[in-house]
Amino acid sequence: MDSLLREELPTIVSNGAFGQNLKYLSFDLDKDHVGQDQYMSTVLFGTFTTSDESQHRVVIKLKLRDEKKRIQFKIDFQFHNEITMYERIIPFLFECHRSMAGVRNWPTFARFFYGRNKCGEFFERDLIVLENVNPLGFRLSEDRPFLDYDHVLIAFRALAKFHGFSYTAKHKDPDRFQEIIMDIRDTQFDADGQWLFKNNALSRFGKRGVDQLLKRSGDLYRENKHMRRFNEIIGDGNNSLRRVLVPQEPFSVVCHGDFNRNNVLFRYDEVGLPVDVLLFDFGTPRYGSPVLDLSFFLYMNTTQNLRESRLDDLLNAYCLTLAESVPSGVRVPNRAELDSEMSKCALLGLAHALFFLPHQLESDTHHEGMDEEEIIEWILQLGGDTATNRVADLVQHIVDMEYTNVLSS
């Protein structure tokens with residue numbers, strides 16, 4: 001860490017990360033935020049001072065030192081993706097957006113200063129430097145793991161603005177758009193085409209919810225055709241997920257890929273209502289249905305009651321904001337078309353929530369030294385009865401909404 005601060009940070013400044021012809025004076029770590037271990041990286045907070053006496057508050061992301069985790073979670077690919085998003089894809093989307101008349105809505109991002117991804121023996125020096133937006137009033141929601149309607153609503157609207165970028169860019173410069181998204185690297189599957197979790201994990205995670213749902217409401221669901229279809233889908237988990245992730249035109253967009261409460265920051269008004277949302281952590285983007293993002297946020301951050309009572313309002317707000325975020329003549333999905341996308345692709349959000357949500361409900365989530373099978377068994381016990389019932393709620397929603405129209409191979 002000390003060598004990084006002594007050697008890399010001055011070079012970053014001299015290379016123009018904070019402006020031309022500036023020199024490095026100092027970097028002061030924020031002692032309250034040093035070495036925070038995130039799920040996929042280590043994060044430092046601090047302040048650069050440059051030769052013009054300007055101060056730049058930043059967040060520095062470093063790769064995990066655990067080699068097994070770096071390989072398992074494709075951390076090199078994640079750093080590549082995040083740097084590519086900030087250096088190439090988002091600027092291209094912004095430029096297309098700016099060049100079109102009649103556009104009002106802009107998504108909010110942190111400023112990107114620098115990224116390095118040499119990998120191999122140099123991985124310890126790989127880093128990403130972003131603006132620390134906390135001084136601008138952005139912060140994580142204090143509500144965890146579930147958000148109220150106001151938070152989900154403004155998050156969906158922010159996502160619509162981000163997705164609108166893709167529709168505008170595809171309309172304005174489709175060839176360049178297709179070329180630039182080819183640089184996104186897949187982080188969902190390994191070289192053998194297997195999902196991140198092996199050993200028939202999706203079926204086993206799903207069965208936790210299915211069994212509990214049948215236990216509490218067997219008469220309603222035991223012979224339900226969409227329950228049978230859901231069991232077929234998770235029984236062929238790897239292939240089902242691959243089919244969900246295949247882009248289907250005309251509605252595919254650059255998705256955030258990990259659109260979840262821990263990857264969005266909210267800014268609040270004087271009475272505590274969220275008024276703006278900032279998206280960050282672009283390590284796992286992909287090109288696909290907008291539902292890949294919508295379903296992830298929906299199943300990770302809402303209660304069953306909110307889904308049942310306000311889903312129509314949320315999806316209507318997403319569609320309305322999306323239509324307002326693109327120029328006249330740019331094709332975006334209407335509500336009926338979005339519902340069709342949900343029926344085909346909501347499985348992706350559910351699949352992630354089946355194992356991530358129990359993590360959110362369990363305070364002790366250490367699993368060092370476990371092999372893949374032991375990790376799956378451990379996840380199936382996480383959160384106890386509370387998590388089991390939440391997972392059953394997810395399965396119930398998928399079945400009730402008939403979101404089982406995963407395309408056949």
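Contact is taken here to mean heavy atoms within 4.5 Å. On that basis, in this predicted model, Asp-312, Leu-315, Asn-316, Tyr-318 and Cys-319 of helix α10 meet Arg-335, Leu-338 and Asp-339 of helix α11. By class, the contact of α10 with α11 comprises 4 nonpolar, 1 polar and 3 charged residues. Two packed helices are described by the angle between their axes and the distance between those axes. For α10, which spans residues 304-324, and α11, which spans residues 335-360, the axes come within 10 Å and cross at roughly 115°, and the passage of α10 across α11 is a right-handed crossing.

The UniProt annotation "domain: CHK kinase-like", taken from an unreviewed entry, covers residues 128-328. Over residues 128-328 the chain is 52% helix and 11% strand, with the end C-alpha atoms lying 37 Å apart.

Strands of a sheet pair through backbone hydrogen bonds, in either a parallel or an antiparallel manner. An open sheet of mixed pairing is formed by 4 strands in the order β5-β11-β10-β8. Strands β5 (residues 108-109) and β8 (residues 138-139) stand at the edges, and because each has a single partner strand, one side of each is left without a neighbour in the sheet. Helix α4, comprising residues 149-172, packs on this sheet and touches β5, β10 (residues 264-268) and β11, while the direction of α4 makes about 45° with that of β11.

Arg-216 belongs to helix α6, which extends over residues 201-221. Because its relative accessibility is 33%, Arg-216 counts as partly exposed. When residues up to four places away in sequence are not counted, Arg-216 touches Asn-389, Ala-392, Asp-393 and Gln-396.

Conventions. Residues are numbered from 1 along each chain as its sequence is written. This is a predicted model: local features need pLDDT of at least 70, side-chain atom pairs count only at pLDDT 80 or more; totals for chains, interfaces and linings use all residues. Side-chain values use heavy atoms; hydrogens and water are left out. UniProt positions are given in the numbering used here, feature names are shortened, and annotations may be inferred rather than shown by experiment. Helices (H or I, at least four residues) and strands (E, at least two) are DSSP runs, numbered from the N terminus. Axes are lines fitted to C-alpha atoms, for helices over the stretch in contact, and angles run from 0 to 180 degrees between N-to-C directions. A crossing is left-handed if the near helix is turned anticlockwise from the far one by less than a right angle, and right-handed if clockwise. Ala, Val, Leu, Ile, Met, Phe, Trp, Tyr, Cys and Pro count as nonpolar, Asp, Glu, Lys and Arg as charged, and the others, Gly among them, as polar. Buried means under 20% relative accessible area, exposed over 50%, partly exposed in between (1.4 Å probe, protein chains only). Two strands pair if DSSP finds at least two bridges between them.
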